[in-house]
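Thank you for making time this morning. I would like to walk you through one model slowly, so please keep the picture in view while I talk.

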Amino acid sequence: MTSPSSIGAERLKRRMARGVEFLGSEVAILCGAMSWVSERHLVSAMSNAGGFGLIACGAMTPELLDQEIAATKALTSKPFGVNLITMHPQLFDLIDVCSRHQVSHVVLAGGLPPTGSLDAIKGNGAKLICFAPALALAKKLIRSGVDALVVEGMEAGGHIGPVSTSVLAQEILPEVAEQVPVFVAGGIGRGEAIAAYLDMGAAGVQLGTRFACATESIAHPNFKKAFFRANARDAVASVQIDPRLPVIPVRALKNAGTELFTAKQLEVAQSLNDGTVEMAEAQLQIEHYWAGALRRAVIDGDVEHGSLMAGQSVGMVTKEEPVADIIAQLMADAAHALEKRAA
Ligand SMILES: Cc1cc2nc3c(=O)[nH]c(=O)nc-3n(C[C@H](O)[C@H](O)[C@H](O)COP(=O)(O)O)c2cc1C
């Protein structure tokens with residue numbers, strides 16, 4: 001293992017300096033928000049270990065988010081952020097909750113910031129982080145005033161875009177990494193990959209799958225066991241059944257729930273046919289389905305019928321470990337890679 005004072009460790013520190021400054025953390029590693037998983041325990045463990053935790057607001061009401069932020073603050077004095085989904089019907093109330101708590105970083109997921117949301121978040125002094133699924137959108141987001149970007153490829157767990165992390169990183173980092181900090185996400189399981197993306201200009205990285213089964217994660221033991229058993233090829237993207245009903249693909253471990261999603265899509269498509277729902281409502285029903293299915297697996301431990309959202313890096317998750325150990329291993333491997341590279 002590389003010692004903290006080695007040349008590799010020094011190089012890693014330099015490469016992470018910008019991300020660390022932006023986040024106010026010790027290392028530029030975010031634990032991506034994971035609905036039901038990223039609550040007070042995992043988030044505070046992440047920030048206490050020197051990384052950066054994010055509360056997944058998901059479908060929480062403003063009251064629940066208020067409680068979760070307060071409870072997280074009781075467990076850590078280090079900075080953490082909140083991830084909000086743009087299509088949440090009470091988005092602006094949630095933004096208010098974040099500002100009342102003086103949350104330092106807000107991540108908006110699920111699309112471009114709706115009108116007024118950027119000003120509402122930044123006006124209260126928080127830094128705004130958005131997902132950039134393509135170079136043109138990255139430039140547009142920077143022009144509109146976002147403070148940092150996450151570039152997430154389709155290897156990731158949860159909702160995904162169509163392009164791989166390696167291609168997005170090559171397209172986006174050289175063009176925009178000097179303007180705002182860019183954090184790369186999707187498929188990162190080891191420190192060697194972190195070193196590579198930092199070398200390409202990333203300010204840091206965001207990992208989800210690798211942290212989902214940490215000791216501090218409240219995910220059900222069955223959920224964790226399913227992760228430990230799985231390989232990269234078990235984490236598959238959902239398939240769109242009806243061409244008229246565009247569903248955002250979700251990457252999850254294959255199980256009986258994969259079939260249930262097909263049935264759900266057919267049911268929603270039928271309602272569209274009957275004219276009993278509009279397209280926007282149809283898409284919301286699909287998203288509610290995912291939230292429920294994920295809860296079933298994460299909280300109830302039903303790993304057959306629930307959704308086991310996981311990225312392709314799941315094969316590198318082999319045991320339950322404290323967050324601090326995972327971060328230490330990632331940092332040691334990244335430092336070692338940078339040391340070898342320069343020889
Ligand atoms: C179980 C699970 C749930 C997730 N839920 C969310 C979410 O609610 N909001 C979000 O923006 N991203 C969500 N993600 C994506 C993560 O925040 C993170 O960006 C992703 O896991 C990074 O890729 P990786 O899984 O390859 O490490 C989820 C990922 C997983 C594995």
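What you see is a predicted model, in which local features need pLDDT of at least 70 and side-chain atom pairs count only at pLDDT 80 or more, while totals for chains, interfaces and linings use all residues. Residues are numbered from 1 along each chain as its sequence is written.

The chain is assigned domain 1 (4-218 + 316-342) and domain 2 (221-312), with bounds that come from an automatic or database domain assignment. Taken over C-alpha atoms, the centres of domain 1 and domain 2 are 24 Å apart. Their contact takes 22 residues from domain 1 and 19 residues from domain 2, where two residues are in contact if their C-beta atoms, placed from the backbone, lie within 7 Å.

Turning to the ligand, there are 28 residues around it, and Gly-32, Gly-157, Gly-158, Gly-208 and Gly-311 come nearest; a residue is near a molecule or strand if its C-beta atom, placed from the backbone, lies within 6 Å of it. The shell around the ligand draws at least three residues from each of domain 1 and domain 2, and its largest share, three residues, comes from helix 9. Helices (H or I, at least four residues) and strands (E, at least two) are DSSP runs, numbered from the N terminus.

Which residues of helix 7 are buried? They are Thr-165, Leu-168, Ala-169, Ile-172, Leu-173 and Val-176. Seen down the axis of helix 7, these buried residues fall within an arc of 105°, so they line one face of the helix; the arc is that of the directions from the helix axis to the C-beta atoms. A residue is buried if 20 or more other C-beta atoms lie within 10 Å of its own, exposed if 12 or fewer, and partly exposed in between, with C-beta atoms placed from the backbone. The face turned away from the buried side of helix 7 carries the exposed residues Val-167, Gln-170 and Pro-174.

Lastly, most residues other than glycine have a negative phi. Trp-36, however, has a positive phi near 70°, and Gln-102 has a positive phi of about 55°. Is each buried or exposed? Trp-36 is buried, with 20 other C-beta atoms within 10 Å, whereas Gln-102 is exposed, with 11.
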